[in-house]
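Here is a short report on one protein model.

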Amino acid sequence: MKKINYADISNDYPVCLHQDCPMADTCLRQIAYNMLVNNDRTMRIVNPTQCSKNSDCIFYRNSTPVIYALGFSNFKKHMLPDQYNNFMDVCYQRWNRNPLYERRRGVKALTPEDQNFVLNAVRTAGVTKDLKFDNYEEKLNWYD
């Protein structure tokens, strides 16, 4: 498990009060609570009556780091012009212009779901090569 730093926790991140939950050891909301309770004067909490205290809890956030991809600007080199146009058309439908280019340049990280979408769009465009994203980073999945 990646070490969580106090500075990584957003001021408005909702935390969970249920220390007796069987999922507490791996839940970011409970881990954040334990860090904030001794340091902050105020905290934002999830409604304790809405927590299910099991793996079905709608507020559960797994503390296992996730691999995010950064950029796919190199994909164009491996595609024919028509394939690239088809690929970009599919991506435009999902993100529109600016958000798409932020993801392509690596300004906005791609979640595992986004990575699957992009790779499926590559296959839909007719590319059979296994393409790799420009870069990868491992980080905690606080919100995605």
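## Helix 2 and its end

Helix 2 is followed by Asn96, which has a positive phi, near 65°. Helices here are DSSP runs (H or I, at least four residues) and strands are too (E, at least two), numbered from the N terminus. This is a predicted model: local features need pLDDT of at least 70, side-chain atom pairs count only at pLDDT 80 or more, and totals for chains, interfaces and linings use all residues. Residues are numbered from 1 along each chain as its sequence is written, and side-chain values use heavy atoms, with hydrogens and water left out.

The length of helix 2 can be checked. Its 15 residues should span 21 Å at 1.5 Å a residue, and this agrees with its end C-alpha atoms, which are 21 Å apart. The expected span is 1.5 Å times one less than the number of residues.

Gln83, Tyr84, Phe87, Met88, Cys91 and Trp95 of helix 2 are buried. Buried means under 20% relative accessible area, exposed over 50%, and partly exposed in between (1.4 Å probe, protein chains only). Down the axis of helix 2, the buried residues fall within an arc of 125°, so they line one face. The arc is that of the directions from the helix axis to the C-beta atoms.

The face turned away from the buried side carries exposed Asp82 and Gln93. Helix 3 and helix 4 are among what covers the buried residues of helix 2.

## The nonpolar cores

A nonpolar core is a set of buried Ala, Val, Leu, Ile, Met, Phe, Trp, Tyr and Cys residues joined through side-chain atoms within 4.5 Å. The largest has 19 residues; Phe72, Phe75, Met79, Phe87, Val118, Val122 and Phe133 touch the most other members. Helix 2 (81-95), helix 3 (97-105) and helix 4 (112-124) each give two or more residues. Helix 2 gives the most, with 5 residues. A second, separate core of 11 residues includes Ile4, Ile31, Ala32 and Leu140.

## Aromatic pairs

The whole structure holds 11 aromatic pairs. Rings of Phe, Tyr and Trp (its six-membered ring) pair if their centres lie within 6.5 Å; planes under 30 degrees apart are stacked, over 60 edge-to-face, and the rest tilted. The centres of Tyr13 and Tyr143 are 5.4 Å apart and their planes at 80°, so this pair is edge-to-face. Tyr13 is buried, at 1% relative accessibility. Tyr143 is exposed, at 54%.

Note on methods:
Contact means heavy atoms within 4.5 Å.
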